[in-house]
Amino acid sequence: MEEKLRQQPGNCIKIVLFGPESSGKTTLSKQLAEHYQCEWVPEYMREYLQEKWDKYSEVCSYEDLLPIAEGQIKLENEYSKKTNKLLICDTNLLELKVYAKVYFEGKVPKILNKISQENVYDLYLLTYIDTPWIADDLRDRPHQREEMFLTFKASLDQYNLPYIVLKGDKVSRLEKAIQTIDELIEQKGEYNR
């Protein structure tokens, strides 16, 4: 199982959209992929849990965590093979770990805890909660947005991961993200648009 959760080697710059539900991650992922004409990895957890909800009217269980993790990293590894430039990830295993800690009273599968700290990304874009909260079948914490944001931020701080916080409207967020990614690209010198 451990191998199925590991990133495969690649030479692309990996950017992760990270943050609580309904904070604009997918919208920004698509905008960035369009701007840079690069691949973006969708959020497997949403697809998996929506299908479960549609079939059984059931929410996420502890037993779902490892299949979700496996599906997410499988997608990431597939998309990273398609590029040697830039990869935008609409989530990662650390996000799944944060949700596991919140929803399952601190209980996280050992392998998820380990691998979520070992997989490497060049930059996390932490999305703030100043976007409208939009209800759907899976979202359930409209009154805990600040608490959830602080939980996500704390996980980045705990592991000393490189991140910026994105606030404001869609245009402001996109501009700040592009500026930061352009600086990272220049610093790494590995990307030619």
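Me: What makes Lys82 a charge over the ring of Tyr79?
Reply: Lys82 lies over the face of Tyr79, at 4.5 Å from the ring centre. A charge sits over a ring if NZ of Lys or CZ of Arg is within 6 Å of the ring centre and within 35 degrees of the ring normal, so the term applies. The charged end of Lys107 is likewise placed over the ring of Tyr62, 4.3 Å from its centre.

Me: On what basis are such values given?
Reply: The model is predicted, so local features need pLDDT of at least 70 and side-chain atom pairs count only at pLDDT 80 or more, whereas totals for chains, interfaces and linings use all residues. Residues are numbered from 1 along each chain as its sequence is written, and side-chain values use heavy atoms, with hydrogens and water left out.

Me: How many aromatic pairs are there, and why is that of Phe18 and Phe152 called edge-to-face?
Reply: The count comes to eight aromatic pairs. The rings of Phe18 and Phe152 are 5.2 Å apart, centre to centre, with 80 degrees between the planes. Rings of Phe, Tyr and Trp (its six-membered ring) pair if their centres lie within 6.5 Å; planes under 30 degrees apart count as stacked, over 60 as edge-to-face and the rest as tilted, so this pair is edge-to-face.

Me: Which elements does the pair of Phe18 and Phe152 tie together?
Reply: Phe18 belongs to strand β1 (residues 13-18) and Phe152 to helix α6 (residues 145-158), so the pair ties together parts that are 134 residues apart in sequence. Helices (H or I, at least four residues) and strands (E, at least two) are DSSP runs, numbered from the N terminus.

Me: Is Phe152 buried or exposed?
Reply: Phe152 has a relative accessible area of 0% and is therefore buried. Buried means under 20% relative accessible area, exposed over 50%, and partly exposed in between (1.4 Å probe, protein chains only). Phe18, at 0%, is buried.

Me: What kind of aromatic pair do Tyr99 and Phe152 form?
Reply: Tyr99 and Phe152 form an edge-to-face pair, at 5.3 Å centre to centre and 75 degrees between the planes. Because Tyr99 lies in helix α4 (residues 93-103) and Phe152 in helix α6, this pair ties together parts that are 53 residues apart in sequence. With a relative accessible area of 11%, Tyr99 is buried. Ring pairs link Phe18, Tyr99 and Phe152 into a cluster that also includes Tyr103, Tyr121 and Tyr124.

Me: What are the order and pairing of the five strands in the open sheet?
Reply: The order is β2-β3-β1-β4-β5, with parallel pairing. Two strands pair if DSSP finds at least two bridges between them.

Me: What makes β2 and β5 edge strands?
Reply: β2 (39-41) and β5 (163-166) each pair on one side only. β2 pairs with strand β3 (residues 86-89) over three bridges, and four bridges join β4 to β5. Trp40 stands opposite Ile88 in β3, while Val165 in β5 is the bridge partner of Leu126.

Me: Which residues does Ser29 touch, not counting those up to four places away in sequence?
Reply: Ser29, found in helix α1 (residues 25-36), touches Leu17, Trp40, Ile88, Cys89 and Asp90. Contact means heavy atoms within 4.5 Å. The relative accessible area of Ser29 is 0%, so Ser29 is buried.
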